Amino acid sequence: MQSGEVSAGLGLYMRRQAGSIPRYILEQAVTGLVGWVPTVVGIALRAIVYRLILRANGWAAIENGVRLRFASNIKLGHGAYLDARTYLHACPGGIEIGSGTLVMHGAILHVYNFRNLPGSGICIGRDSLIGEYNVLRGQGGIWIGNRVYTSPMVQMLAVDHVFDDPEASFVEQGITAKGIWIEDDVWIGAGAIVTDGVRIGRGSVIAAGAVVNQDVPAHTVVAGVPARIVRAVGDPRSIKPTEQIYY
């Protein structure tokens with residue numbers, strides 16, 4: 001490998017880690033210094049020291065082992081929580097997590113905008129929960145409302161490849177990025193996939209394993225591949241009289 005190739009590769013790597021070389025050095029130094037510290041001691045340290053590299057509106061709790069890139073584009077509301085092994089990559093467009101929202105173990109929030117896409121970003125409202133090992137790809141923008149709960153292994157992919165030309169690789173045909181909107185009070189079941197261009201209406205429920213490729217009206221339950229309406233929220237349910245409900 002030629003020295004020019006090494007230099008180009010290193011430059012590409014740096015541009016995909018932080019806004020500038022000084023920012024890269026600062027962010028790596030801060031996370032290297034206190035990012036590994038366990039227990040509530042580490043959470044307290046990061047609540048103070050991470051203000052050097054990200055924007056916090058109040059106090060946020062960040063566990064050890066959280067990976068942050070383009071941290072200057074990350075905004076955390078008061079009481080937001082990032083569980084261990086979460087990964088936030090907030091290249092231009094940024095990531096905003098509202099007050100009281102929890103991002104659980106292993107979740108990946110990646111804006112992944114290296115093509116100057118105009119709508120990129122991830123914005124999550126207050127008191128929501130992003131479940132374990134969720135993947136959110138925000139090239140076209142993902143907007144999640146308040147009190148939205150996602151179960152483990154949910155994927156929201158605000159991007160799609162063009163593959164219309166059989167004579168060319170899909171890699172050479174570009175992408176589309178329309179965006180995803182999840183309105184307030186939505187519950188998304190485990191393993192569900194939400195594709196680009198979809199809006200899920202307020203108070204809806206997405207069944208486990210569903211693939212949502214079209215808009216979901218408010219207060220409906222959808223299931224299947226592709227997802228179809230199975231009933232409205234509020235229709236009679238087969239709850240046994242002895243079934244215990246907890247609040």
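This is a predicted model: local features need pLDDT of at least 70, side-chain atom pairs count only at pLDDT 80 or more; totals for chains, interfaces and linings use all residues.
The structure holds 5 salt bridges. One of them joins the side chains of Arg 147 and Asp 185, with an N to O distance of 2.7 Å. Arg 147 is placed in the loop between β13 (142–144) and β14 (149–150), and Asp 185 in the loop between β18 (180–182) and β19 (187–188), so this contact ties together parts that are 38 residues apart in sequence. Arg 147 has a relative accessibility of 33% and counts as partly exposed. Asp 185, at 28% relative accessibility, also counts as partly exposed.

Another salt bridge is formed by Asp 184 and Arg 202, whose side chains meet at 3.3 Å, N to O. Here too distant parts of the chain are linked: Asp 184 is in the loop between β18 and β19, Arg 202 is in the loop between β21 and β22 (205–206), and the two are 18 residues apart. Asp 184 has a relative accessibility of 19% and counts as buried, because the cut-off for buried is under 20%. Arg 202, at 37% relative accessibility, counts as partly exposed. Through salt bridges that share partners, Arg 147, Asp 184, Asp 185 and Arg 202 are joined into one network.

A salt bridge is also found between Arg 199 and Glu 183, with the closest N and O atoms 3.2 Å apart. Arg 199 belongs to strand β21 (residues 199–200), while Glu 183 sits in the loop between β18 and β19; the pair is 16 residues apart and links distant parts of the chain. Arg 199 is partly exposed at 35% relative accessibility, and Glu 183 is partly exposed with a relative accessible area of 28%.

The empty spaces of the model were examined next. Rolling a probe the size of a water molecule over the atoms shows where empty space is left. The largest pocket holds about 190 Å³ of space. Its lining consists of Arg 16, Tyr 112, Asn 113, Phe 114, Arg 115, Leu 117, Arg 137, Gln 139, Val 159, Asp 160, His 161 and Ile 175. Sorted by class, this lining has 5 nonpolar, 3 polar and 4 charged residues.

A search of the whole structure for cavities of 30 Å³ or more finds 1. About 40 Å³ of space lies in the largest cavity. The residues that line this cavity are Arg 46, Ala 47, Tyr 50, Arg 51, Leu 54, Ala 56, Ala 60, Ile 62 and Leu 76. By class, 7 of the lining residues are nonpolar, 2 are charged and no polar residue is present.

On the surface, a nonpolar patch is formed by Val 40, Val 41 and Leu 45, which together have about 270 Å² of accessible area. Leu 45 is part of helix α3 (residues 39–49).

The backbone was then considered. Most residues other than glycine have a negative phi, and most peptide bonds are trans. Phe 70 is not a glycine, yet has a positive phi of about 50°. Phe 70 lies in the loop between β3 (67–69) and β4 (74–77) and counts as buried at 6% relative accessibility. Tyr 133, likewise not a glycine, has a positive phi of about 60°. Tyr 133 is in the loop between β11 and β12 and is partly exposed, with a relative accessible area of 44%. The peptide bond from Val 225 to Pro 226 is cis, with omega near -5°. Pro 226 is located in the loop between β24 (220–223) and β25 (228–232).

Asn 134 is found in the loop between β11 (129–130) and β12 (135–137). Asn 134 has a relative accessible area of 0% and is buried. The C-alpha atoms of Asn 134 and Ile 25 are separated by 29 Å, and the two residues are 109 residues apart along the chain. His 105 occupies the loop between β8 (102–103) and β9 (108–110) and, at 27% relative accessibility, counts as partly exposed.

Conventions. Residues are numbered from 1 along each chain as its sequence is written. Side-chain values use heavy atoms; hydrogens and water are left out. Patches are made of residues with over 30% relative accessible area and no salt bridge: like charges are joined within 9 Å, nonpolar side chains (Val, Leu, Ile, Met, Phe, Trp, Tyr) within 5 Å. Accessible areas come from the Shrake-Rupley method with a 1.4 Å probe; for residues, only the protein chains shown count as cover. A salt bridge is a side-chain nitrogen of Lys or Arg within 4 Å of a carboxyl oxygen of Asp or Glu. Helices (H or I, at least four residues) and strands (E, at least two) are DSSP runs, numbered from the N terminus. On a 1 Å grid over the protein atoms alone, a cavity is a set of points where a 1.4 Å probe fits but cannot get out, and a pocket is an open set with protein on both sides within 12 Å along at least five of seven lines; lining residues have an atom within 4 Å of a point. Grid points are joined across faces, edges and corners, and a volume is the space filled by probe spheres set on the points. Ala, Val, Leu, Ile, Met, Phe, Trp, Tyr, Cys and Pro count as nonpolar, Asp, Glu, Lys and Arg as charged, and the others, Gly among them, as polar. Buried means under 20% relative accessible area, exposed over 50%, partly exposed in between (1.4 Å probe, protein chains only).
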